[in-house]
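User: Hi! I have a structure open and would like to learn how to read some of its features. Could you take me through them?

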Amino acid sequence: MTTVSDAPTVTVIPGDGIGPEVVAATLRMVDAAGADIVWEEAQAGSRVFLQGIPSGVPAETIESIERTRTVLKGPLATPIGYGEKSANVTLRKLFETFANIRPIREIPGVPTPFTGRGIDLVVVRENVEDLYAGIEHMQTPDVAQCLKLISRFGCQRVSRTALELARAEGRHKVVAATKANIMKFTEGMLQREFLAAAEDYPDLETGHIIVDNCAHQLVIAPEQFDVIVTTNMNGDILSDLTSGLVGGLGFAPSANIGTSVAMFEAVHGSAPQLEGLDVANPTAIALAAVMMLRHLEQFEPAERMEQAIFATLEAGIHTADVRVGEPVGTTEFTDAVIERMGTKSSTPSRPHRAMRIPVITRDDARTAPDSRVAVGVDVFIESADDPDKVAQQLIRLAEGTPYTLKMISNRGTAVWPRAGGNTECIDHFRCRFVLFDQVPVSQEDLLDLLQRIGGVYRWMHVEKLETIDDDPGFTRAQGEN
Ligand code: NAP
């Protein structure tokens, strides 16, 4: 008789460098904890790049993840420089795992300068937008640009994920960490959307902190934080910092959460210099597997495995990255954890309940402004001329069009009309043309302006300026009046 198992199938990707060793160790621990899982192995990363697949993720792996919707992933090495994209970022983006959850907590038996402070916090990082959208262009041979794209949709879902996580884990305080003081539209969007979403969670203490102060506070008084939600780049940096507070990358797990797929991994990379030496610390990915078990609502095996890991470390058994006492290898550490299944450590596991993943549709996040009015255009040009000469040329070229040159800036600082100071101009100018008296402007008018400018200067980039409900949808340059 054939029996059909109810056990969930999980796609397991061994990964590169130390990946296969720490993943194998973790699978042994998960099985010993009594979890009910069917593993399905798939490949991604270096070996796949070498097969000539530029994404680093073959179709069979994508098909497996679409089916299982849960992934335990070893680290994937990323080629540096031109060419291939990161297979990690590709996987996160392909499956819209929009929130990256990175918990850290003081670990028994792992001494740090912060031992005894009771650190127990989570960084929730937006995972698919921001500078990591990877939209980069060489504007000139010597000027590079990376677009920082932030959507209301992305901000709403990561904010609500952080708030839901706080409730599921019995946490009390959630702050958004942003650079909204400088980037008012992009970083400011997360601040505004988080504070609006927080109104639906009156049981939680919520607020905003500027991200640089957040980094400072994390080192001065990390115990004040509970959940921090932040944009992709900020979260990448802050979460490496927080892993350093509790003993380093060997102890930092993470979960990539989307509405249909969840992917669990260590924060660390493939550490190629440790490959094959049986010295890597499997704790980070093992704790990621504990998060995975909770996601699959296998709460008992999750707690058994977490407690066995804590009890092993508390007994002074650890790998070489804990720089005290005599280290053991990956295999010996794993054996010691397996021996301690069922043992309690002095650090109790947090109470966990199933977490609600917020489902927000793009329509939910779409605003319907009453008015959107074209008020001008920014044309980016390449020129080695000084700003006054560029301005004289552009004023002449715009004669007879509805556009008037208002300002020229160089890397964001107004250089015409002169605002003082001594900005060093490089050959990349933003030239702001405005439409006075709100004359209706057609597509042809704009194309005519670009045609005229293009006859003299190489333009590489154009941004339309508009007001949305009478508020400017663009920022002023530094020094622009
Ligand atoms: P890394 O692999 O995280 O290694 C940095 C250092 O951290 C290692 O040299 C090692 O320190 C220590 N370390 C990391 N994991 C450890 C573990 N489990 N046990 C013991 N020590 C550990 O960072 P990297 O060298 O910058 O990146 C290597 C490759 O991984 C790159 O191709 C990168 O793109 C990729 N990467 C992948 C992911 C991912 O898959 N999610 C994340 C980050 C990086 P010692 O030298 O002191 O032993």
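User: Let's begin with the ligand. How far does a polar side-chain atom of Arg 323 lie from an oxygen atom of the ligand?

Analyst: A polar side-chain atom of Arg 323 is 3.5 Å from a ligand oxygen atom. Do keep in mind that this is a predicted model. Lys 73 also uses its side chain: an N or O atom there is 3.5 Å from an oxygen atom of the ligand. With Ser 270, a polar backbone atom takes part, 3.0 Å from an oxygen atom of the ligand.

User: How many residues surround the ligand?

Analyst: There are 22 residues around the ligand. The closest are Leu 76, Thr 78, Gly 269, Ala 271 and Gln 273.

User: Now helices, please. How do I read a pair of packed helices?

Analyst: Two numbers describe such a pair: the angle between the axes and the distance between the axes. Take helix α1 (residues 19-32) and helix α9 (residues 283-295): their axes come within 9 Å and cross at roughly 45°. An angle between 35 and 65 degrees counts as oblique, and α1 and α9 are therefore oblique to each other. Their crossing is right-handed.

User: Which residues of α1 and α9 make the contact?

Analyst: From α1 come Val 22, Val 23, Thr 26, Met 29 and Val 30, and from α9 come Ile 285, Ala 286, Ala 289 and Leu 293. Sorted by class, the contact of α1 with α9 has eight nonpolar residues, one polar and no charged.

User: At what angle do the axes of helix α5 and helix α6 cross?

Analyst: The axes of α5 (residues 152-168) and α6 (residues 186-198) cross at roughly 50° and come within 9 Å of each other. That makes α5 oblique to α6. The crossing of α5 and α6 is right-handed. On the α5 side, the residues in contact include Arg 152, Cys 155 and Leu 163, while those of α6 include Met 189, Glu 193 and Phe 194. The contact of α5 with α6 has eight nonpolar, two polar and three charged residues.

User: And what about α12 and α13: at what angle do their axes cross?

Analyst: Helix α12 (residues 387-398) and helix α13 (residues 443-454) have axes that cross at roughly 135° and come within 9 Å. This angle makes α12 oblique to α13. The crossing in which α12 passes α13 is right-handed. Leu 394, Leu 397 and Ala 398 in α12 meet Leu 449, Arg 452 and Ile 453 in α13. By class, the contact of α12 with α13 holds five nonpolar residues, no polar and one charged.

User: Last topic: the backbone. What should I look for there?

Analyst: Most peptide bonds are trans, and most residues other than glycine have a negative phi. You can look for exceptions to either pattern. For the peptide bond, go to Trp 416 and Pro 417: the bond from Trp 416 to Pro 417 is cis, with omega near -10°. Pro 417 lies in the loop between β15 (413-416) and β16 (429-435).

User: And for phi, what is the value for Asp 469?

Analyst: Phi of Asp 469 is near 50°, a positive value in a residue other than glycine. To find Asp 469, look in the loop between β17 (458-468) and β18 (471-472).

Key:
Residues numbered from 1 in each chain as written. Predicted model: local features only at pLDDT ≥ 70, side-chain atom pairs only at ≥ 80, totals over all residues. Heavy atoms only, no water. Axes fitted to C-alpha atoms, helices over the stretch in contact; angles between N-to-C directions. Helix = DSSP H or I, 4+ residues; strand = E, 2+ residues; numbered from the N terminus. Parallel < 35°, antiparallel > 145°, perpendicular 65-115°, else oblique. Left-handed = near helix turned anticlockwise from the far one by under 90°. Contact = heavy atoms within 4.5 Å. Nonpolar A, V, L, I, M, F, W, Y, C, P; charged D, E, K, R; others polar. Near = heavy atom within 4 Å. Polar contact = N/O pair within 3.5 Å; in protein donor to acceptor, adjacent residues only side chain to side chain.
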